[in-house]
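Reader: I am new to this structure and would like to learn how to read its features. Please take me through them one at a time.

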Amino acid sequence: MRRLVLGLVFFASVIGFASAAELGDDGLHKEDWFSITFKDVGEDIAAAKEEGKRLAIVFEQRGCIYCRKMHEELLADPKIRNYVRDHFKMVQYNLFGDEEVTDLDGETLSEKTAARRWGVVFTPTILFMPDDVPEEGTAVQAAVATMPGAFGKKTFLHMFEWVAEKGYEGEEHFQKYHARKLAEEGDTGAE
């Protein structure tokens with residue numbers, strides 16, 4: 001019996017490692033479908049639109065357990081991954097990174113300076129950008145929604161759906177939308 005239990009534990013650990021998101025040299029989890037860009041927010045919004053998608057900027061940091069959860073539990077779920085990948089151009093920023101970023105107002109700064117400027121203090125934090133490049137302001141002023149943190153699968157997916165459906169333009173607040181979707185799915189729990 002002990003061998004069977006040890007064998008199952010070993011098998012589970014191998015499966016877990018096989019499905020784990022790879023870590024890059026910067027310590028951030030990498031998805032092969034995330035976009036690598038010059039981090040010019042205006043150009044990225046325009047490029048996303050050309051692809052029929054929306055731009056989502058995701059801030060992460062080395063060693064972030066919630067970022068790991070986002071990659072290994074949320075984005076590893078085929079339903080969530082496929083929806084996000086099909087509707088959004090995801091660009092990853094490092095909360096403490098030094099890569100150059102060009103804000104919508106033309107100011108050039110590092111990723112970490114952009115994070116401070118945009119008030120990003122948690123990881124992961126996702127900024128959902130508008131369809132079109134705004135004529136003025138900064139990325140955080142233009143963002144149509146922000147998701148600070150990793151939530152349960154349904155909350156995470158519903159936020160992406162709400163943004164894709166432009167729920168922020170209507171009268172139904174995200175929390176009401178989420179509750180309605182859970183009820184439609186027959187789910188009484190808040191995930």
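Reader: Where is Pro124 found?

Author: This is a predicted model. In it, Pro124 sits in the loop that runs between helix H5 (111–117) and strand E7 (125–128). The peptide bond leading from Thr123 into Pro124 is cis, and its omega is near -5°.

Reader: Which residue other than glycine has a phi near 60°?

Author: Lys166 is one of them, with a positive phi near 60°. Its place is the loop between helix H7 (153–164) and helix H8 (174–184). Lys39 is also not a glycine and has a positive phi, of about 60°. Lys39 belongs to the loop between strand E2 (29–30) and helix H2 (41–50).

Reader: Is Lys39 buried or exposed?

Author: The cut-off for buried is under 20% relative accessible area. Lys39 has 7% relative accessibility, so it counts as buried. Lys166 has a relative accessible area of 31%, so it is partly exposed.

Reader: What is the volume of the largest pocket?

Author: The general idea is that rolling a probe the size of a water molecule over the atoms shows where empty space is left. Here the largest pocket has a volume of about 290 Å³. It is lined by 16 residues, and those closest to its centre are Asp26, Lys30, Ile36, Lys39 and Gln92.

Reader: Which strand holds Lys89, and which residues is Lys89 in contact with?

Author: Lys89 is in strand E4, which covers residues 88–94. With a relative accessible area of 8%, Lys89 is buried. Setting aside neighbours within four places in sequence, the contacts of Lys89 include Asp44 and Glu51. Ser35, Thr37, Ala47 and Ala48 are also among them, as are Lys53, Arg54, Leu55 and Ala56.

Reader: How many disulfides does a search of the whole structure find?

Author: A disulfide is a covalent bond between the sulfur atoms of two cysteines. In the whole structure the search finds zero disulfides.

Reader: Are Cys64 and Cys67 buried or exposed?

Author: Cys64 has a relative accessible area of 8% and is therefore buried. Cys67 is at 0% relative accessibility, so it too counts as buried.

Key: Residues are numbered from 1 along each chain as its sequence is written. This is a predicted model: local features need pLDDT of at least 70, side-chain atom pairs count only at pLDDT 80 or more; totals for chains, interfaces and linings use all residues. Side-chain values use heavy atoms; hydrogens and water are left out. Helices (H or I, at least four residues) and strands (E, at least two) are DSSP runs, numbered from the N terminus. Buried means under 20% relative accessible area, exposed over 50%, partly exposed in between (1.4 Å probe, protein chains only). Contact means heavy atoms within 4.5 Å. A disulfide is a pair of cysteine sulfur atoms within 2.5 Å. On a 1 Å grid over the protein atoms alone, a cavity is a set of points where a 1.4 Å probe fits but cannot get out, and a pocket is an open set with protein on both sides within 12 Å along at least five of seven lines; lining residues have an atom within 4 Å of a point. Grid points are joined across faces, edges and corners, and a volume is the space filled by probe spheres set on the points.
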